[in-house]
Amino acid sequence: MDLSKVLLATAMWVKGCTDSFIMEEADIARQTATDWISFCREVCACMLVNESVTLGWQGKIVEIDESKFGKRKYNKGKRVEGAWVFGGVERDSNKCFMAVVPDRTSETLISVLKEWVLQGSTVMSDCWKAYDCLSSEAFVHLAVNHSLTFKDPDTGAHTNSIEGTWGICKLYFRETRKVKDGTDGYLAEYIWRRCHRSGDKSITRQFFESIIKVHPLDKEIRKEQ
């Protein structure tokens with residue numbers, strides 16, 4: 001692609017345009033559009049690593065939960081084919097994390113939690129048994145029994161924020177028709193968009209700045225400029 005098409009395709013992707021719309025408006029082939037959009041998602045994934053955003057701290061509340069991303073087999077019944085995703089959101093901020101996990105064991109979930117959430121944080125969850133050890137892991141743990149109520153009447157604990165986030169994220173996945181392949185990339189895109197949707201700069205400008213951070217200009221190119 002020449003520079004004008006690169007800029008146009010990127011700006012349209014940041015604005016949430018569909019792949020087919022980007023192909024038509026930028027006048028590029030399907031494979032070219034697919035490759036460039038994959039590049040954009042790789043930038044989002046790299047930024048998650050570079051920015052190393054951590055959630056929580058003393059006095060902060062982080063809601064956590066696991067959810068199955070996929071679809072019902074043959075579009076019938078309750079069995080869902082797909083991937084388990086473990087995630088959390090920090091209340092009163094845009095911070096969140098999501099990670100594809102091989103299982104929902106305590107060892108797996110707590111390991112991911114420690115990567116993203118600072119110890120000392122107040123963590124709210126449902127009563128999944130894997131979370132029983134959270135208090136012994138230097139977290140303040142509050143649980144809500146969803147078989148009885150949506151909000152614990154004594155502690156006020158609930159997971160409405162993370163459950164609402166799952167709904168929005170899964171809607172995006174349905175629109176892109178992606179479930180298994182590239183799940184990490186789509187999650188990275190969602191998190192990047194969520195973390196950068198507010199601020200003094202437009203989200204388009206923020207994304208171009210992210211590209212520069214992930215792929216800084218070579219010194220020789222800078223000299224030529």
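Is E66 buried or exposed? E66 is buried, at a relative accessible area of 8%, where buried means under 20%, exposed over 50% and partly exposed in between, with a 1.4 Å probe and protein chains only.

Before I go on, the basis. This is a predicted model, in which local features need pLDDT of at least 70 and side-chain atom pairs count only at pLDDT 80 or more, while totals for chains, interfaces and linings use all residues. Residues are numbered from 1 along each chain as its sequence is written, and side-chain values use heavy atoms, with hydrogens and water left out.

Now the salt bridges, meaning a side-chain nitrogen of Lys or Arg within 4 Å of a carboxyl oxygen of Asp or Glu. The count is 7. In one of them E66 pairs with R104, 2.8 Å from N to O. R104 is partly exposed, at 25%.

Next, E189. Its side chain meets R41 at 2.6 Å, N to O. That pair links distant parts of the chain, with E189 in helix α6 and R41 in helix α3, 148 residues apart; helices here are DSSP runs of H or I, at least four residues, numbered from the N terminus. E189 is buried, at 2%, and R41 also counts as buried, at 10%. E189 has a salt bridge to R193 as well, at 2.9 Å. Those two both lie in α6, 4 residues apart, about one turn of the helix.
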